[in-house]
Amino acid sequence: MVDLPSPARRIYVDPDGAVYVIGANSVGTWRAGEWRAGPPAPDINAFTDASAGFSNGKLIVYAVASGAILISEDAGATWRRSELQLGSQPQMPAVATSLQHPSVAYVSYRVRGGPFGVAKTTDTGAPGNWF
């Protein structure tokens, strides 16, 4: 048993038995009886939502928070931002990816005073490639 720094939002288990816990703004790992807390995503107090999947044995994590899409391709050790090209900062309440095909992900959005929608990436959120 381990005490977490924040409530668990999502839990994933890889085939080798490692347990990944997405918390308020970071990913922690339980492996071989040892807990390792990952660094928080830069400038983010709390994720609004998060989703993850495995690719070649690595955990790919998508999170949304404060109008930002955050992506980690190394189980939360590092983070990069990706953006929807909408002209203004949208609200993004939800994100989803496939457990076994995480290069594909979906983000719901709403532009203030404008439309609701869902954007998709097929290349792990490469810049400019949400459609």
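From the N terminus on, the elements of the protein run β-β-β-β-β-β-β-β-β-β-β. That comes to zero helices and eleven strands, where helices (H or I, at least four residues) and strands (E, at least two) are DSSP runs numbered from the N terminus. The radius of gyration is 15 Å, close to the 14 Å that the globule rule gives for 131 residues, so the protein is as compact as a globular protein of that length. This radius is taken over C-alpha atoms, and the rule is 2.2 Å times the number of residues to the power 0.38.

The model is predicted: local features need pLDDT of at least 70, side-chain atom pairs count only at pLDDT 80 or more, and totals for chains, interfaces and linings use all residues. Residues are numbered from 1 along each chain as its sequence is written, and side-chain values use heavy atoms, with hydrogens and water left out.

Some values for the whole protein are listed here.

| Property | Value |
|---|---|
| Box filled by the C-alpha atoms, along the principal axes | roughly 50 × 30 × 20 Å |
| Buried residues | 42% of the 131 residues |

Buried means under 20% relative accessible area, exposed over 50%, and partly exposed in between (1.4 Å probe, protein chains only).

A contact means heavy atoms within 4.5 Å. Among the contacts with a separation of 6 or more, 36% join residues 24 or more positions apart.

### Strands E5 and E6

Strand E5 covers residues 49–55, and six of its seven residues are buried. Its pairing with strand E6 (residues 58–65) is antiparallel and runs over seven bridges; two strands pair if DSSP finds at least two bridges between them. Ser55 has Lys58 in E6 as its bridge partner. The two strands form a hairpin with two residues between them, and Asn56 in the turn has a positive phi of about 50°.

### Val27 in strand E3

Val27 lies in strand E3 (residues 27–31). At 0% relative accessibility, this residue counts as buried. Leaving aside residues up to four places away in sequence, Val27 touches Tyr20, Val21, Ile22, Ala37, Gly38, Leu59, Val61, Ala75, Gly76 and Trp79. The C-alpha atom of Val27 is separated by 9.0 Å from that of Ala41, 14 residues apart along the chain.
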